[in-house]
Amino acid sequence: MKRILSLSVKYANALFLSLPEEAREQGLKQLHELSKSVSNIDLSKFLFDPTLDAERKVRIFLSFVEKPLEQIERLISLLVSMKRLELLEDIVISFGARLLLESNRIDVEVDSAVALSSEERVAILKKVREKTGMEGVMKVNVNPSLIAGYVIKFRDEVIDTSLSGRLKRVSQELGSGPREVIE
């Protein structure tokens, strides 16, 4: 597993460096489209069929992207010919992470009990900028089981302001202290 991730990072970095700066966002978008295509069961069976020639697989696979970049075409051709197409999803993740890092941005995932207001979004992004010095790219998931508040995740940090999180912490504190028997 570690070797596969390392290989995916190498492919992602090579693609990143081969693309001009102004084409990197487009490259990421095309990689996402291709990755979604691989998850289609019927197409996946076709792409992994060893009896079909690689050139035909590449042409059909690239047809899912409008005007693919030359570097994307070469990557897909290489992955198909080396029988490494299963790496595509990890390549997309690594490429996206590198793009965020190079542009001084960071992924921020927020689980919230309700949809966030624009003021709350701004406040969360400001807090992330203060802690990291980077601009946050926010993804919000509505999770009613949080009851109230939200959980913010970025890098390896978690900030839990939810009511359910507070209740869990109180429960743990009560459960870990000395117990007194009252008669």
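The model is predicted, so local features need pLDDT of at least 70 and side-chain atom pairs count only at pLDDT 80 or more, while totals for chains, interfaces and linings use all residues. Residues are numbered from 1 along each chain as its sequence is written, and side-chain values use heavy atoms, with hydrogens and water left out.

**The whole chain**
- You'll find eight helices and four strands here; helices (H or I, at least four residues) and strands (E, at least two) are DSSP runs, numbered from the N terminus.
- Going along the sequence, the pattern reads α-α-α-α-α-α-β-α-β-β-β-α.
- Of the 183 residues in the chain, 36% are buried (under 20% relative accessible area, with a 1.4 Å probe and protein chains only).
- The accessible surface is about 12,000 Å², and carbon and sulfur atoms hold 54% of that (areas come from the Shrake-Rupley method with a 1.4 Å probe).
- Among contacts (heavy atoms within 4.5 Å) with a separation of 6 or more, 66% link residues 24 or more positions apart.

**Helix H2 with helix H6**
- Two packed helices are described by the angle between their axes and the distance between the axes.
- H2 (residues 24-38) and H6 (residues 88-102) pack at about 155°, with their axes 9 Å apart; axes are lines fitted to C-alpha atoms, for helices over the stretch in contact, and angles run from 0 to 180 degrees between N-to-C directions.
- H2 and H6 are therefore roughly antiparallel to each other (angles over 145 degrees count that way).
- On the H2 side, the contact includes Gly27, Leu28, Leu31 and His32, and on the H6 side it includes Val92, Phe95 and Leu99.
- By class, this contact has eight nonpolar, four polar and three charged residues; Ala, Val, Leu, Ile, Met, Phe, Trp, Tyr, Cys and Pro count as nonpolar, Asp, Glu, Lys and Arg as charged, and the others, Gly among them, as polar.

**Helix H2 with helix H5**
- H2 also meets H5 (residues 70-81): the two axes come within 10 Å and cross at roughly 35°.
- Gly27, Gln30, Leu31 and Leu34 supply the H2 side, while Ile72, Leu75 and Ile76 supply the H5 side.
- That contact splits into five nonpolar, two polar and no charged residues.

**A serine in H6**
- Ser94 sits in helix H6.
- Its relative accessibility is 16%, so Ser94 counts as buried.
- Setting aside neighbours within four places in sequence, Ser94 touches Ser8, Val9 and Ala12.

Technical notes
Angles under 35 degrees count as roughly parallel, over 145 as roughly antiparallel, 65 to 115 as roughly perpendicular and the rest as oblique. Buried means under 20% relative accessible area, exposed over 50%, partly exposed in between (1.4 Å probe, protein chains only).
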